[in-house]
Each structure stands twice: as C-alpha cells, then as structure tokens.
Amino acid sequence: MAQVDMEQLRSRGAGKAIAVLTSGGDAQGMNAAVRAVVRMGIYVGADVYFVYEGYEGLVGGAEHLKLADWDSVSNIIQLGGTIIGSARCKSFRTREGRQAAAYNLVQNGINNLCVIGGDGSLTGANIFRTEWSDLLASLVEEGKITEEVSQQYSHLNIVGMVGSIDNDFCGTDMTIGTDSALHRIMEVIDAITTTAQSHQRTFVLEVMGRHCGYLALVSALASGADWLFIPEAPPEDGWEDIMCKRLGESRSRGSRLNIIILAEGAIDRQGNPISSNYVKELVSKRLGFDTRVTVLGHVQRGGTPSAFDRILSSKMGMEAVLTLLDASPETSSCVVSLSGNQALRLPLMECVQLTKDVQKAMDEKRFDEAIVLRGRSFENNWNIYKLLAHQKPAQTKSNFNFAIVNIGAPAAGMNAAVRSAVRVGLSSGHVVYTVADGLEGFAAGQIKEMRWCDVGGWTGQGGSLLGTKRTLPEKCMEQLVKQIRQHRIHALLIIGGFEAFVAALQLTEGRERYEELCIPMCVIPATISNNVPGTDFSLGCDTAVNAAMETCDRIKQSASGTKRRVFIVETMGGYCGYLASATALAVGADAAYIYEDPINIHDLTANVEHLTGKMKTTIQRGLVLRNEKCHQYYTTEFLYNLYSAEGKGVFDCRTNVLGHMQQGGSPTPFDRNFGTKLGVKAVQWLTEKLLECYRKGQVFANSPETACVLGMNRKALVFRPVTELKAETDFEHRMPKEQWWLRVRPLLKMLAKYQTRFDNYITGKVEHVNRRSLSVESGF
C-alpha cells in the first residue's frame with residue numbers, strides 16, 4: 001500500500017487511453033463502477049472510452065467505441081443494469097474475434113482495458129492479454145497496422161471488477177450487485193411473511209444461484225428461514241423426514257408460517273436436482289400445510305443499487321484506474337476488490353482457479369471442502385444458520401445467567417443481535433435475561449427470562465423491541481448493582497451506540513467499589529452515527545445510509561423537472577460525519593459538510609461557484625449534504641440563505657431535514673446478518689470468559705480484557721477493552737479520534753469534479769489468493 005501523489009498520477013495518466021466494458025449478466029452497481037472509472041480516468045488526464053455491448057462491441061468496433069466525457073456518466077449512479085449494455089459474445093471466444101478486438105483498440109490508441117463482469121468475462125480478458133503480442137504480430141503481417149504502431153501498443157493492461165449477484169468469485173468479500181440482490185430478496189420475504197402469517201401458510205422461495213448458494217444462505221440467515229437448500233451443502237439422505245418433522249414442531253410451538261429457501265442449483269447427495277415444486281408437494285402431502293412456491297427470477301437483478309453497492313463500485317472504480325496506471329508488462333492481471341474497508345488487488349487467475357476448484361469439489365461430491373473453498377465468511381454463515389435455525393437442547397446446564405440490554409438510540413439490527421444472542425445463550429445452557437427500557441428498566445427490575453420462541457421473527461424488525469434509553473449507570477448505580485445481585489447475573493451484553501460504550505466504561509470503573517460488577521461485559525456497537533470507538537462499522541448505519549440515500553434519490557428526481565435547483569439536505573449523526581459522507585458518495589452529491597473536515601467561507605464560495613458552473617451544463621441540479629453538527633454557525637438555514645442569495649438568477653434553493661426517518665424502517669440484509677453474527681460472537685466470547693473467571697463457585701472478572709467492545713476491524717471481528725479505547729475517544733464530540741472513512745472523502749470530491757488532494761488515500765496492495773488466505777476470519 002502507498003499514498004497517492006496527485007502530480008505523479010497526472011503525469012502517468014496523461015496521454016493514456018482506457019476502455020471500460022461490462023460483460024456477462026448485469027448487476028446493480030455496474031453503472032456506479034463505470035461512472036467512477038470514467039471520472040477518475042479523466043481526472044488523471046487519460047481518455048476514457050465506452051465499449052458498448054461488452055465483448056460484442058469490442059469485436060464490432062466502429063460506433064461501439066465512443067469517447068466518454070464527464071457529463072456522460074452524470075445521473076447514472078442510481079440506475080440498475082448497465083447503460084453501456086452487456087452481451088455474451090461467441091466470436092470473442094475465437095482467435096479471429098480477439099484479433100478484431102485488438103485492432104479496434106489499437107485504432108483508437110487504447111491499451112488499457114477495464115472489464116466489469118463475472119469469472120468468464122475476466123478469464124476471457126486474461127486470455128486476450130496473454131495473446132496480445134501475437135495478435136498485434138498477425139495484424140502487422142496482414143498489413144492492418146504498422147510495426148511502429150505494434151511497438152507503441154506492445155502491451156495490454158487489464159484490470160477486472162467482479163460484477164455478479166451470486167458472489168461466486170473466490171477471493172473477494174463481496175461482488176458488485178450481491179447486496180442489491182439481497183435487498184430484492186428480503187423485500188419479497190418480508191412481504192410474503194405477512195401473508196403467510198395471515199393464512200398459516202408455508203412458502204418455498206427459489207432464489208438465483210445455479211452453482212453458488214450465497215444468496216440463499218444469507219437470505220435464510222437474515223430471515224430466520226426454517227429450511228435451506230444450497231448446492232454446496234446437499235441435505236443428508238432422508239432429509240424429507242427430518243424437514244417435515246421440524247416444520248411440524250415449529251407449528252406445534254405456535255408458529256403460524258414456515259419459510260423454506262432454495263437456491264436454483266440445489267441438489268441432493270447424489271447430485272440430483274431438488275426443485276421447488278418437489279418440496280412444495282412433499283410438504284403439502286405429508287403435513288397437509290397450505291404450501292405455495294415463489295420463484296424470484298430476474299427480479300433479483302433489477303431495481304436501483306443499494307448504498308453498499310454504489311459505494312463499493314465507486315471505490316473499486318477509482319482503484320481500477322490506479323491499478324492500470326501502476327501496471328507494467330511484468331505485473332499480472334488483477335481484480336480489484338475490497339477487504340473490509342481497504343482496497344485490494346488480487347491476481348486474476350489465482351481467483352479464477354480457486355473458483356473452479358469449488359465447482360470441481362462439488363462435482364466430485366467433496367461438499368465440506370467446497371464450503372471451505374468458498375471462504376471463511378461463507379463457512380461462518382453456514383455454521384451460524386445451522387446453529388440458530390432449529391432449537392437444540394443444551395447438553396448441560398451451565399449455571400450461568402447473563403442479561404442483554406439496549407442502551408442509547410434505537411438502530412436497525414439491534415433485534416437481530418438480541419435474537420442470536422438469546423438463542424446461542426440457551427444452546428450453551430445459560431439462563432438468558434433481557435432488560436426492558438435500557439438501564440432505567442434494569443434499575444426498576446424490568447427483567448425477563450427468555451425462551452427460544454420468544455425471539456422468533458425478530459431479525460427483520462427495526463428499532464428496539466426491548467426498548468432503549470440513554471440513561472447511564474452513574475444515575476442509578478446502586479439500583480443496578482442490586483438487580484445484578486438479586487438475579488445472579490454473571491455476564492452482561494450491552495447493545496447500543498456511544499452511550500453503550502460509556503455505560504460499559506462506567507460499569508468497568510465501578511468494579512473497584514462493587515464486586516457485583518466484576519463480571520464479563522461486551523458491547524455490540526449499534527448506532528446510525530457509526531461513532532463508537534473500536535469498530536469500523538456499527539449496526540444500523542447501513543440501514544440509515546440506505547434510508548437517506550433513497551430520500552435523496554427522490555429529491556434529485558424531483559429536480560429533474562424543475563431544473564436549476566439546489567437541494568441542501570441535513571442528515572443526523574451528531575458530530576460524526578460518516579452518515580453524511582457515505583450518503584453523499586452513494587447519491588453522487590456535489591458536497592458534504594461535516595465537522596471532521598472543517599469548512600470556511602472560502603469553501604462555501606467555491607461550492608456556490610461550482611454549482612453556478614454546473615447549471616450551464618446539461619445537469620441542471622445540485623445536491624449538498626450537511627451533517628447536523630458540522631458547524632456552529634453555518635447552519636442549514638444559513639446555507640439556504642447563502643445559496644439563495646449567491647445563486648439568485650442562476651438557481652433557486654430548497655432544504656430538507658431528514659430527521660428520525662434515518663432511524664426507522666426494516667434493517668437491510670447487511671445489518672440483519674451483521675447483527676446476527678455479532679450476537680453469536682459476543683455470547684461465545686462471554687461464555688469463554690465466564691469459564692475462565694469461574695473460581696470456587698463464583699464469577700470474578702476484573703481485568704481489562706473482560707470488558708470489551710466487539711467491532712469489525714477491516715474484515716475481522718475483534719474484541720477491544722473499553723479501558724484501552726478510552727484513550728482513543730473524543731468524549732466531547734462523542735466519536736473516535738481516528739476514523740478510517742475520512743480517507744474516502746477525496747473520492748467524493750473527485751467524483752463531484754473538485755480539485756482535491758489524495759495524500760491520505762492509500763492504494764490497494766497485491767494479495768495472493770490461496771486456500772490459506774481463504775481461511776482468514778472475515779466479517780460480512
């Protein structure tokens with residue numbers, strides 16, 4: 001990894017030409033990737049060409065290759081599919097077709113190619129690169145190009161971005177389009193759940209995934225499905241009896257519905273297909289349940305991209321251009337990926353080989369190995385689903401009691417974390433209590449022992465079903481200690497935002513005075529502000545960014561009719577600018593004002609001038625986001641008055657305060673699964689600490705390592721002591737002193753056509769992909 005020098009970038013980009021194409025099946029987020037490649041390419045001084053209709057256009061040439069300009073990619077970030085088209089091309093599979101493609105690139109002075117597609121498209125690009133010298137030699141022999149031209153374009157640089165809703169490409173955390181496809185699936189499941197409950201029905205949902213069960217697996221985990229079929233893990237022989245027994249037990253415990261999720265490529269142990277209709281007939285005949293089938297089909301490919309996919313694609317597009325500028329004849333073809341929040345460059349053919357190894361393992365019925373080859377994240381998802389889907393009696397009673405409490409403002413995903421924590425706790429033999437209404441409820445004794453079925457259906461519900469308050473321990477310490485003593489609570493799981501972190505810190509510091517507080521404690525960060533120290537992402541911030549993004553999309557759409565209008569939108573987040581910055585990147589905003597990146601009157605003047613110039617182009621609208629506490633004096637009203645006065649006669653201005661709608665709504669698939677994983681991990685850690693600290697019939701935990709924040713660091717879930725994090729926290733402004741996402745701010749400014757510095761941006765490093773690297777613990 002290296003920091004970026006802008007002057008060096010421009011010197012390397014000047015005179016270069018980059019072609020970008022989308023190939024294979026379309027995926028939401030491809031347009032955001034194309035937009036980022038075009039604008040970053042132009043920004044560094046290169047010419048960027050669209051290749052329309054994928055490899056078909058590359059072979060056809062002529063009107064299929066067109067020079068792009070800055071406005072060519074305006075207002076496309078929110079569009080699904082791909083504006084430059086995608087097509088499967090038989091002719092490119094032949095040498096003649098690839099020779100024609102090479103000729104068309106050279107004719108336009110292009111020897112840098114960015115391919116957005118699946119493993120087939122990327123493999124084809126690598127073959128093209130390997131043959132490039134021979135193809136040019138053939139063109140010279142045939143007199144189509146001169147030897148001088150052949151020498152000038154002697155090497156082809158390739159970079160890939162994986163666009164596939166199946167997330168079936170080994171080595172990458174997430175591929176473009178996967179998160180959006182999960183959004184479509186969860187929207188359908190949430191809708192079906194209500195009608196299924198009304199009529200006590202069983203629904204069999206078939207989702208895409210001919211060779212990879214990722215969509216089915218994550219959907220099942222996010223919805224709490226009763227049964228799951230994926231190609232990597234065929235059910236054991238006799239599964240029909242086991243499934244029907246479990247569905248019947250579920251109904252006998254009071255459930256009014258059953259959800260079965262099936263990947264289209266589901267098979268049994270002998271490799272025979274398992275169809276949705278077969279499962280439907282089986283349930284109807286054996287159990288007599290009213291059973292329906294819903295095949296989602298291409299709905300999963302459609303619709304607007306999620307915030308995750310827009311930001312992922314934007315980051316990857318920028319990194320793709322940097323990769324091409326760094327490329328040389330000695331470097332191998334790379335795929336750009338993200339590991340957590342850090343860009344990576346992965347050798348293309350290493351990823352392709354591992355992807356093929358998965359299919360080979362499945363063909364040879366080595367299914368356990370296939371799951372391992374999919375990566376640790378896939379394996380974790382599978383194990384957690386099996387752990388939570390069906391109630392399993394605990395082997396022994398542990399004699400430990402632990403309590404779960406929500407503290408602070410509500411955030412989407414809290415309920416998913418509570419559900420998984422309760423069920424893992426019960427499976428471990430613990431007595432699990434939940435506390436109503438935060439620490440106020442704790443002090444008042446609003447404590448309830450939970451059963452497995454008490455948290456059924458919680459995963460998809462927003463807010464906090466337990467209730468939550470901002471009250472801190474210092475207000476009611478004596479009463480809290482009394483309740484901990486009365487209920488013999490041996491461990492505490494706190495789910496919440498900055499207040500939850502402060503509460504854990506106060507309880508830890510209270511150990512010196514109260515022996516009852518010498519118990520293991522864990523904090524799961526859950527806040528839309530993403531301002532808890534010790535984690536890159538908090539539960540709820542993905543849902544909040546999507547909620548803000550959807551509103552901004554509508555605002556932009558309203559301006560398309562009126563023209564010459566600038567909207568100033570205020571987001572929540574306290575002093576932390578993550579929500580404003582992430583939303584601005586997802587919607588293609590012109591600016592985002594935040595506390596961490598101070599603004600002055602000169603900046604505001606530059607913004608007004610920028611928007612004035614923009615009104616002279618074809619895109620006659622502007623969008624500016626403002627974090628609610630970005631500046632003491634530059635309020636939303638002040639900005640409205642300033643923009644209205646300075647833009648008079650050029651554009652008019654409107655304001656919109658998003659408010660608490662950012663805290664509401666159903667959790668996104670990311671937050672449902674992130675919450676589920678955090679709940680499982682937290683209880684497993686608490687159980688481990690309880691066993692370590694159990695001496696002579698009692699629990700005594702007073703070391704710093706027994707009170708931790710569980711957070712995501714890059715791609716790993718890590719525990720950090722709250723006392724250690726105290727030094728890294730700005731308590732006055734309620735946020736960490738160092739925040740990783742500030743390094744992405746230059747991308748936001750570049751995409752909005754502002755001159756900016758990339759001093760703090762760290763480019764991706766090359767990481768090799770093998771079976772060992774796949775075993776690294778990873779997050780969602």
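Ala 403 touches Tyr 433, Val 435, Ile 489, Ala 491, Leu 492 and Leu 493, leaving out residues up to four places away in sequence, where contact means heavy atoms within 4.5 Å. The structure is a predicted model, in which local features need pLDDT of at least 70 and side-chain atom pairs count only at pLDDT 80 or more, while totals for chains, interfaces and linings use all residues. Residues are numbered from 1 along each chain as its sequence is written, and side-chain values use heavy atoms, with hydrogens and water left out.

Ala 403 lies in strand 12; helices (H or I, at least four residues) and strands (E, at least two) are DSSP runs numbered from the N terminus. With a relative accessibility of 0%, Ala 403 counts as buried. Buried means under 20% relative accessible area, exposed means over 50%, and partly exposed lies in between (1.4 Å probe, protein chains only). The C-alpha atom of Ala 403 is separated by 48 Å from that of Ile 116, and the two residues are 287 residues apart along the chain.

Ala 412 is found in the loop between strand 12 (401-407) and helix 15 (414-427). This residue, Ala 412, is also buried, at 2% relative accessibility. Apart from neighbours within four places in sequence, the contacts of Ala 412 are Leu 539, Gly 540, Thr 543, Pro 667 and Asp 671.

The structure holds 30 salt bridges, each being a side-chain nitrogen of Lys or Arg within 4 Å of a carboxyl oxygen of Asp or Glu. One of them joins Arg 286 and Asp 241, with the closest N and O atoms 2.4 Å apart. Arg 286 belongs to helix 10 (residues 276-287) and Asp 241 to helix 9 (residues 239-252), so this pair ties together parts that are 45 residues apart in sequence. Both residues are partly exposed, Arg 286 at 46% relative accessibility and Asp 241 at 49%.

A salt bridge also links the side chains of Arg 485 and Glu 516, at 2.7 Å from N to O. Arg 485 is in helix 17 (residues 477-486), whereas Glu 516 is in the loop between helix 18 (498-509) and strand 16 (521-525), so the pair ties together parts 31 residues apart in sequence. Arg 485 counts as partly exposed at 48% relative accessibility, as does Glu 516 at 23%.

In a further salt bridge, the side chains of Arg 565 and Asp 652 meet at 3.1 Å, N to O. Here the pair ties together parts that are 87 residues apart in sequence, because Arg 565 lies in strand 17 (residues 565-571) and Asp 652 in strand 20 (residues 652-657). Arg 565 is buried at 15% relative accessibility, whereas Asp 652 is partly exposed at 27%. Salt bridges with shared partners also join Arg 12, Glu 319, Asp 326 and Arg 345 into one network.

On the surface, Arg 88, Lys 90, Arg 93 and Arg 210 gather in a patch of positive charge. Patches are made of residues with over 30% relative accessible area and no salt bridge, and like charges are joined within 9 Å, nonpolar side chains (Val, Leu, Ile, Met, Phe, Trp, Tyr) within 5 Å. Arg 210 is located in the loop between strand 6 (202-207) and helix 8 (214-223). With a relative accessible area of 55%, Arg 210 is exposed.

Notes
Accessible areas come from the Shrake-Rupley method with a 1.4 Å probe; for residues, only the protein chains shown count as cover. Lys and Arg count as positive and Asp and Glu as negative; His and the chain ends are not counted. The place of a charge is taken as NZ of Lys, CZ of Arg, CG of Asp or CD of Glu.
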